[in-house]
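Biologist: Could you put the sequence and the model up for me? I'd like to go through the fold and its features with you.

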Amino acid sequence: MHSSSSALYSRSMSILRVLLAAVALSAVTAAQQVTTFSTEDGGLISAELYGKGARGVVLAHGGQFTKESWRDQARVLAAHGFHVLAFDFRGFGASRGPGQADFDTAPFHKDVIAAVRYLKAHGAGTVSVVGGSFGGGAAGDASIESPREIDRIVFLGAAPNLPAGKLKCRSLFIVARDDANADGPRLPGIRAQYERAPSPKQLIVLDGSAHAQFLFQTNQRALVMQQILKFLSAP
């Protein structure tokens with residue numbers, strides 16, 4: 001009897017652990033909604049939605065990431081009342097679009113604009129963009145090519161590819177002092193674009209060498225998130 005009771009108890013506990021894991025998983029997946037939308041040039045973009053509200057935020061990933069990389073930041077933003085959309089650029093994940101085969105010339109800014117318009121079509125009164133690396137560049141170009149559609153942009157280790165003097169939104173530039181690539185330090189180029197950008201604007205230079213979204217893997221991640229929230233929440 002004792003052996004049978006132990007076996008029954010063990011089996012019951014195993015079932016309970018499976019059920020608890022399923023509940024936990026469903027709670028995580030319930031925190032977001034998967035969606036797709038089209039771009040003006042016929043692309044199809046895959047995205048995840050978090051939260052609700054009249055203030056929208058688009059999260060535009062860098063070249064070493066996909067939309068899933070934003071999940072922690074998206075949940076923080078959603079908890080602060082933002083309607084958040086994290087998407088995959090064309091050629092990443094399940095997203096597809098014209099020109100995706102040539103990374104250097106692909107019209108990534110069209111994906112950003114499509115994401116902004118999607119949130120506006122679903123209740124957002126204003127939409128801002130947080131862009132890491134090339135995603136930040138695409139966000140800046142989107143502001144320049146489609147004026148007045150983006151309320152403000154956070155450039156993480158990034159700047160517009162087009163002249164920043166033509167930006168049509170508020171801007172926050174965040175970059176690590178020793179962030180560099182094969183061409184050298186990124187800070188001088190980002191600072192030059194920051195100086196050309198219209199006000200209101202802000203430049204935050206952090207210690208270290210982490211590039212763009214990799215800042216969230218450092219001990220400065222809380223500070224970065226705090227500054228982003230402050231910028232996006234300012235009147």
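What follows is a chat in questions and answers about this model.

Modeller: Before we start, this is a predicted model, so local features need pLDDT of at least 70 and side-chain atom pairs count only at pLDDT 80 or more, while totals for chains, interfaces and linings use all residues. Residues are numbered from 1 along each chain as its sequence is written, and side-chain values use heavy atoms, with hydrogens and water left out.

Biologist: Fine. How many helices and strands are there in the protein chain?

Modeller: Helices (H or I, at least four residues) and strands (E, at least two) are DSSP runs, numbered from the N terminus. Counted that way, the protein chain has six helices and ten strands.

Biologist: And what percentage of the residues in the protein chain is buried?

Modeller: Buried means under 20% relative accessible area, exposed over 50%, and partly exposed in between (1.4 Å probe, protein chains only). The chain has 235 residues, and the buried share of them is 47%.

Biologist: What is the volume of the largest pocket?

Modeller: On a 1 Å grid over the protein atoms alone, a pocket is an open set of points where a 1.4 Å probe fits, with protein on both sides within 12 Å along at least five of seven lines; lining residues have an atom within 4 Å of a point. Grid points are joined across faces, edges and corners, and a volume is the space filled by probe spheres set on the points. For the largest pocket that gives about 690 Å³.

Biologist: Which residues are closest to its centre, and which element gives the largest share of the lining?

Modeller: Of the 28 lining residues, the closest to the centre are Phe103, Ser133, Phe134, Gly137 and Asn161. The elements that give two or more residues are α3 (108-121), α4 (134-145) and α5 (187-196). The largest share, four residues, comes from α4.

Biologist: Ser133 turned up there. Where does Ser133 sit, and is it buried, partly exposed or exposed?

Modeller: Ser133 has a positive phi of about 55° although it is not a glycine. Most residues other than glycine have a negative phi. Ser133 lies in the loop between β5 (126-132) and α4. Its relative accessibility is 22%, so Ser133 counts as partly exposed.

Biologist: What about Ala212: buried or exposed?

Modeller: Phi of Ala212 is also a positive value, near 50°. The residue is in the loop between β10 (201-206) and α6 (221-233). With a relative accessibility of 4%, Ala212 counts as buried.

Biologist: On to α5. Why are its buried residues on the same side of α5?

Modeller: The residues in question are Leu187, Ile190, Gln193 and Tyr194. An α-helix has 3.6 residues a turn, so residues three or four places apart point the same way. They are on the same side of α5 because they cover, in directions from the helix axis to the C-beta atoms, an arc of only 130°.

Biologist: Which elements do those buried residues pack against?

Modeller: The face turned away from the buried side of α5 carries the exposed residues Pro188, Glu195 and Arg196. Contact means heavy atoms within 4.5 Å. The buried residues of α5 pack against β7 (170-176), β9 (184-185) and β10.

Biologist: Which residues does Gln193 touch?

Modeller: Gln193 is in helix α5, and its 9% relative accessibility is why Gln193 counts as buried. Leaving out residues up to four places away in sequence, Gln193 touches Ala159, Pro160, Leu162, Pro163 and Ala164.
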